[in-house]
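Dear colleague,

I am passing on the structure we spoke about, and my notes on it follow below. Please read them with the coordinates open beside you.

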Amino acid sequence: MSAARPAWRRQLRALLLKDLRLELRTRDTVVAMLLFAIVAMTIFQFAVGSRGEDLTPAAGGILWAVLALTAVLGVGRSWVPEREQRVLDGILGAPVPRDVLMAAKAGAIYAYLLAVEIVAVPVMALFFIREPDPVDLLLIGVVCLIANVGIAVLGSLLAVLALFARARELLLPVLFLPSLLPVVIAAAGATHAVAAGTNDLAEYRGYCLFLGVYAVIFGLVAYATYEHVFDD
């Protein structure tokens with residue numbers, strides 16, 4: 001019984017390190033996500049208004065719309081190395097529980113998002129927030145940490161659904177983006193609550209609680225369905 005628990009931990013650690021080391025070696029996914037996020041915010045900056053106008057009320061919405069679109073890139077590439085290197089059948093045939101596969105992919109997606117947000121949040125503050133406060137940026141960072149859990153779990157589940165589909169590049173955004181709408185609304189609301197100068201911490205906590213509940217619900221849904229999705 002004592003040997004069973006370390007087994008899944010070793011499998012989870014090995015799978016997660018495989019994805020992270022492969023990404024550190026190639027830098028394909030994170031660099032593409034980062035470039036996309038910066039370009040998208042630059043387009044929003046010129047499209048919504050000039051630097052002389054106060055765009056603070058729109059900052060949260062712009063940030064999380066950009067991060068949701070950026071997440072599509074990371075989720076869409078989450079199984080690409082296994083397909084391109086023809087090791088997918090070997091991984092699926094290995095005696096690894098499906099929920100461990102899901103947790104490893106969700107962990108990798110979470111790490112990709114976090115790497116992008118370390119750059120994207122300061123860029124957002126530079127472009128859209130008038131006189132940004134470091135404390136407000138830290139609170140926005142907490143929103144990122146909570147929201148990323150829901151995005152990573154949902155993305156890991158839907159990436160498997162699209163993995164075996166013929167038009168997976170089209171299917172994934174169609175499934176993923178509408179499902180992310182509650183996360184975008186709540187995360188944008190929490191960001192607005194602390195970035196717009198109001199510092200409404202009660203509203204901020206409410207949105208953060210919603211993001212946590214959303215992550216737990218989709219975590220349970222993924223845990224209950226992931227094995228069937230893979231095997232079907």
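Helix H6, with 31 residues, reaches 42 Å from its first C-alpha to its last, close to the 45 Å expected at 1.5 Å a residue (the expected span being 1.5 Å times one less than the number of residues). Helices here are DSSP runs of H or I with at least four residues, numbered from the N terminus. H6 bends by about 35° at Glu 117, where the bend is the angle between axes fitted to the seven residues ending there and the seven starting there.

Before the rest, a word on the source: this is a predicted model, in which local features need pLDDT of at least 70 and side-chain atom pairs count only at pLDDT 80 or more, while totals for chains, interfaces and linings use all residues. Residues are numbered from 1 along each chain as its sequence is written, and side-chain values use heavy atoms, with hydrogens and water left out.

If neighbours within four places in sequence are left aside, Ile 151 is in contact with Trp 64, Ala 71, Leu 113, Phe 176, Leu 180 and Val 183, contact meaning heavy atoms within 4.5 Å.

Ala 190, in helix H8, is buried at 0% relative accessibility (buried means under 20% relative accessible area, exposed over 50%, and partly exposed in between, with a 1.4 Å probe and protein chains only). Beyond its neighbours within four places in sequence, Ala 190 is in contact with Val 143, Tyr 204, Tyr 207 and Cys 208.

How many salt bridges does a search of the whole structure find? The search finds 3, a salt bridge being a side-chain nitrogen of Lys or Arg within 4 Å of a carboxyl oxygen of Asp or Glu. One joins the side chains of Lys 18 and Asp 19 at 2.7 Å, N to O; Lys 18 is partly exposed, at 32% relative accessible area, whereas Asp 19 is buried, at 7%. Another joins Asp 19 to Lys 105 at 3.1 Å, N to O, and because Asp 19 lies in helix H1 (residues 4-26) and Lys 105 in H6 (residues 98-128), this pair ties together parts that are 86 residues apart in sequence. Lys 105 is buried too, at 5% relative accessibility.

The side chains of Asp 28 and Arg 77 also meet in a salt bridge, at 4.0 Å, N to O. Asp 28 lies in H2 (residues 28-48) and Arg 77 in the loop between H3 (56-76) and H4 (80-84), so this pair ties together parts that are 49 residues apart in sequence. Through shared partners, salt bridges join Lys 18, Asp 19 and Lys 105 into one network.

Lastly, Thr 56 of helix H3 is buried, at 7% relative accessibility. Leaving aside neighbours within four places in sequence, Thr 56 is in contact with residues including Phe 128, Ile 129 and Arg 130.

Note on methods: Helix = DSSP H or I, 4+ residues; strand = E, 2+ residues; numbered from the N terminus.
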